[in-house]
Amino acid sequence: MPDAGYPFLKGHGTENDFVLLPDHDGTVHGALDPARVRALCDRRAGIGGDGVLRVVRTAAYDEAAALVPEGAAEWFMDYRNADGSASEMCGNGIRVFARHLVDEGLVDAAAPVAIGTRDGVKVLHVDADSGLVTADMGVPRVLGDTSVTVDGSSWAALHVDMGNPHAVAFVGSLDDAGTLLEPPGHDPAVYPHGVNVELVAARGERHVAMRVHERGSGETRSCGTGACAVMVAAALRDGAAGDGPPAADLAYRVDVPGGTLTVTWTAAGRVLLTGPAVIVARGTTSL
């Protein structure tokens, strides 16, 4: 770490908030110690966040170079959960990441933005007029039925993989989710590395609301991959998508505690996540 500290930014997507660490040539943070991630995300003694997004060129980071085909994406989102663990994908985080690249002139704002992740290359579009960012999250994998337990209550859930694992359970009221302070109970045989759990309530036609406990971060105000998993599960449950994918593009409104996201399941089978992404602060820290 430089003697004078190092730069950071703070951003969020529907109040799912992140500390961004510019490290373009991979010379500032090395392997990014999990203890530093935890310190940065600490809401009392640090900057505070649900996770850390290291902004690094793919070619400058060995793990990224091994995951991303040569020339497919100049930039790699090295995403870490608040507990310091690495994660495959973050739907809100990648929109904030794209917003940062555009704001800093690191990519062409008028062109699709390709970003490498541990779940492959994602392509995003930044709408200059609305400020909304749309991420192509790829093809969902619906992997069967499971169950989750919260505060002693159990619900049937659907296992949906959006690059990271999700268990989606429908409840009568979001109050049934309790505090979500502790990780919900799940089947370790199905989710050996933990799981993101979404509790979902219907709000109207093609409209649902959710709360989420994110693996490695706890309850968060929003989860982008979770919203995608919820939309897929809701469309299947409602019969709106048949057995999936839908015959024509199908969009749902997904309300989260931090705002609203729009998730579209296309006839081509891909899931598009649209929502706001903003940078709210920048500075230097020695954490």
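Reader: Which strand does H213 lie in?
Author: H213 lies in strand β12, residues 207-214. Helices (H or I, at least four residues) and strands (E, at least two) are DSSP runs, numbered from the N terminus. This is a predicted model, where local features need pLDDT of at least 70, side-chain atom pairs count only at pLDDT 80 or more, and totals for chains, interfaces and linings use all residues. Residues are numbered from 1 along each chain as its sequence is written, and side-chain values use heavy atoms, with hydrogens and water left out.

Reader: Is H213 buried or exposed?
Author: H213 counts as buried because its relative accessibility is 5%. Buried means under 20% relative accessible area, exposed over 50%, and partly exposed in between, with a 1.4 Å probe and protein chains only.

Reader: And what is H213 in contact with?
Author: Leaving aside neighbours within four places in sequence, the contacts of H213 include L180, L181, P183, P184, V195 and G218. Contact means heavy atoms within 4.5 Å.

Reader: Next one. Where does E198 lie?
Author: E198 lies in strand β11, residues 196-204. E198 is buried, with a relative accessible area of 0%.

Reader: What does the side chain of E198 make a polar contact with?
Author: The partner is the side chain of H166, at 2.9 Å. A polar contact is a pair of N or O atoms within 3.5 Å; within protein, one must be able to donate a hydrogen and the other to accept it, and residues adjacent in sequence count only if both atoms are side-chain atoms. Not counting residues up to four places away in sequence, E198 also touches M210, R211 and V212, among others.

Reader: Different topic. How many cavities of 30 Å³ or more are there?
Author: The count is 1 cavity. On a 1 Å grid over the protein atoms alone, a cavity is a set of points where a 1.4 Å probe fits but cannot get out; lining residues have an atom within 4 Å of a point. Grid points are joined across faces, edges and corners, and a volume is the space filled by probe spheres set on the points.

Reader: What volume does the largest cavity have, and what lines it?
Author: Its volume is about 90 Å³. The lining has 14 residues, and M89, N164, N196, E214 and T225 lie nearest the centre. β4 (75-81) and α4 (224-238) each supply at least two residues of that lining.

Reader: Which strand does β14 pair with, and in which sense?
Author: β14 (residues 250-256) pairs with β15 (residues 259-265) in the antiparallel sense, over 7 bridges. Two strands pair if DSSP finds at least two bridges between them. The two form a hairpin with 2 residues between them, and R253 stands opposite T262 in β15.

Reader: What about β15 and β16?
Author: β15 and β16 (residues 271-275) pair in the antiparallel sense over 4 bridges. T262 has T274 as its bridge partner in β16. This hairpin has 5 residues between its strands, and G269 in the turn has a positive phi of about 95 degrees.

Reader: Last one: where is D136, and what does its side chain make a polar contact with?
Author: D136 is in strand β7, residues 133-136, and is buried, with a relative accessible area of 19%. The side chain of D136 makes a polar contact with the side chain of R270 at 2.8 Å. A polar atom of the D136 side chain also lies 2.9 Å from the backbone nitrogen of G138. D136 touches V271 and L272 too, among others.

Conventions: 1 Å grid on protein atoms, 1.4 Å probe; cavity = no way out; pocket = protein on both sides within 12 Å on 5 of 7 lines; lining within 4 Å.
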